[in-house]
Amino acid sequence: MAKLSIPTALRAYTERQAKVDADGATVGAALAALADRYPDLRPHLFDEAGELRGFVNVFVGDTNIRSLAGLATPVTPDSVVALVPAIAGGLR
Amino acid sequence: MIHVPDAVAARFAAEGERTYPAECCGVLLGRLEPGATEGCDRRYASAILPVDNARTDRAGDRFVITPEAYLKAEAAADAQGLELLGFYHSHPDDQARPSDYDRDHAWPNLSYIVMAVQGQGDGTGRTTGWASWELAADRSAFRPEPLIEGGLHG
Ligand SMILES: [Zn+2]
């Protein structure tokens with residue numbers, strides 16, 4: 001299990017919950033449990049192939065899972081897993 | 001819909017001028033009243049949080065808010081009992097409307113304020129206009145967000 005932190009942009013799909021507990025021994029399992037519970041959230045997190053979208057970053061504590069073991073990164077009930085949207089734009 | 005007090009608009013307008021000819025970017029904080037249907041959230045901006053534009057390689061026409069800066073902004077919002085309502089950024093010598101690149105990188109359920117900053121011929125820029133935009137949940141459109149006009153209590 002882990003505590004998931006939901007960004008504002010995605011709280012519309014989690015009944016406005018900012019923190020959601022999700023079962024799973026890895027980041028991937030916890031995110032899958034989250035998407036099962038809130039199906040409208042799934043397309044914002046995963047593409048058709050089930051891969052995490054490039055515009056979504058996932059942090060365990062202060063560390064991006066890209067620097068850890070990705071979706072296989074283990075979590076414990078004390079882990080705080082933050083979903084973080086990539087924010088970008090520009091004139092051209 | 002969003003309410004942007006004049007004092008808040010003056011702050012992001014000043015940021016656009018301070019960073020000219022580079023794009024500025026930052027976070028809007030305030031209070032959110034979620035709506036029952038898409039597009040009817042009511043947002044009341046009360047503060048901004050300027051963020052360093054991480055696209056130092058081409059800050060003239062791009063901006064990036066790093067995940068670390070985003071997490072700091074959400075923590076700051078929590079600490080102040082506010083919500084992260086959206087983002088602002090500037091278009092140096094261009095219009096206060098989002099580009100295709102802006103739309104491709106936007107998220108629904110947030111306000112995106114875009115401001116136009118025009119060069120004055122002496123190296124400085126002046127913010128000449130701004131508008132707020134909202135992405136449809138299915139990403140089909142990036143629409144102007146209506147402004148809630150007038151002064152508010154509290
Ligand atoms: Zn832009």
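Tutor: Four donors count as tetrahedral if all angles lie between 85 and 135 degrees. Anything else is irregular. Keep in mind that this model is predicted.

Student: What makes the arrangement around the zinc ion irregular?

Tutor: The angles between its four donor atoms run from 56 to 156 degrees.

Student: Which atoms are the donors of the zinc ion?

Tutor: NE2 of B:His89, NE2 of B:His91 and two OD atoms of B:Asp102. Their distances are 2.0 to 2.6 Å. The cut-off for donors is 2.8 Å, so these atoms qualify.

Student: How are the donor residues spaced in sequence?

Tutor: The pattern is H-x1-H-x10-D. B:His91 sits in strand β5 (residues 83–92) of chain B, and B:Asp102 in helix α3 (residues 100–105) of chain B, 11 residues apart. Both B:His91 and B:Asp102 are buried.

Student: Why is the pair A:Arg11 and B:Glu83 called a salt bridge?

Tutor: Their side chains meet at 3.2 Å, N to O. The limit is 4 Å between a side-chain nitrogen of Lys or Arg and a carboxyl oxygen of Asp or Glu, so the pair counts. Chain A and chain B have four salt bridges between them.

Student: How much area do chain A and chain B bury between them?

Tutor: About 2500 Å², with 60% on carbon and sulfur atoms. On the chain A side, A:Ile87, A:Leu91 and A:Arg92 supply 28% of the area buried against chain B, more than any other three residues.

Conventions. Residues are numbered from 1 along each chain as its sequence is written. Chains are lettered from A and ligands numbered from 1 in the order in which they are written. This is a predicted model: local features need pLDDT of at least 70, side-chain atom pairs count only at pLDDT 80 or more; totals for chains, interfaces and linings use all residues. Side-chain values use heavy atoms; hydrogens and water are left out. Donors are N, O and S atoms within 2.8 Å of the metal (3.2 Å for Na, K and Ca); water is not among the atoms, so sites may look incomplete. Four donors count as tetrahedral if all angles lie between 85 and 135 degrees; four count as square planar and six as octahedral if opposite donors are over 155 degrees apart and all others between 65 and 115; anything else is irregular. Helices (H or I, at least four residues) and strands (E, at least two) are DSSP runs, numbered from the N terminus. Buried means under 20% relative accessible area, exposed over 50%, partly exposed in between (1.4 Å probe, protein chains only). Buried area is the accessible area (1.4 Å probe) that two parts lose on being put together, summed over both.
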